[in-house]
Amino acid sequence: MVKKIEIRVEIDEYDSIGELTDLDARLLEAAGKAADTAYAPYSHFNVGAAALLDNGEIIVGNNQENVAYPSGLCAERVVMFSVGAHHPDVPVKAIAITAKSEEFGIDEPLAPCGACRQVMVETEKKHGQNIRIILRGQKGKIHVVNSVSDILPFSFSSDKLKGK
Ligand code: THU
């Protein structure tokens, strides 16, 4: 008998930044500011990310493109690797991610790519602490997810390397 396994994802949707907590609003604002200085001459799709550390510090990053396209990196991984390099022992509590473009409007919350979800889930597992994700486009609704693993179920994890 085939057994169906259902996965449920809960997303909190807000209509405006005014509905967020002050901290989440500040984080989203920092992400928006970071997007302004993204290096995105090829896609013209500026992404900014701001990570809130357990010690209250906010670390920002943005996408860095390259003429050899695959050499570029998404904003989320720029931030997560920067946190890993400079604050290896500090857990990440939350990350706000947003995008803007001068060429077209972005009115839907950004959805992080699979590779970035994998990198963020690694940080969650490393510290055993969930990372809340706050997502917004240039305008429009805001999505808040409680944990990266919620949007990356069945992720590859280190226990698989130990034959478990
Ligand atoms: N990008 C990000 O920085 N984060 C995402 O979650 C999606 C895509 C970047 C990569 C590239 O520089 C541009 O957006 C277009 O894909």
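The axes of helix α2 (residues 75–86) and helix α3 (residues 114–127) come within 9 Å and cross at roughly 25°. Axes are lines fitted to C-alpha atoms over the stretch in contact, with angles from 0 to 180 degrees between N-to-C directions. Helices are DSSP runs (H or I, at least four residues), numbered from the N terminus. The two helices are therefore roughly parallel (angles under 35 degrees). The model is predicted; local features need pLDDT of at least 70, side-chain atom pairs count only at pLDDT 80 or more, and totals for chains, interfaces and linings use all residues. Residues are numbered from 1 along each chain as its sequence is written, and side-chain values use heavy atoms, without hydrogens and water.

In α2, Glu76, Arg77, Met80 and Phe81 meet Ala115, Cys116, Val119, Met120 and Thr123 of α3 (heavy atoms within 4.5 Å).

The residues around the ligand (a heavy atom within 4 Å) include Asn63, Ala75, Glu76 and Cys113. A side-chain N or O atom of Asn63 lies 2.9 Å from a ligand oxygen atom. A polar backbone atom of Ala75 is 2.9 Å from an oxygen atom of the ligand. For a backbone N or O atom of Cys113, the distance to a ligand oxygen atom is 3.5 Å.

Technical notes:
Angles under 35 degrees count as roughly parallel, over 145 as roughly antiparallel, 65 to 115 as roughly perpendicular and the rest as oblique. A polar contact is a pair of N or O atoms within 3.5 Å; within protein, one must be able to donate a hydrogen and the other to accept it, and residues adjacent in sequence count only if both atoms are side-chain atoms.
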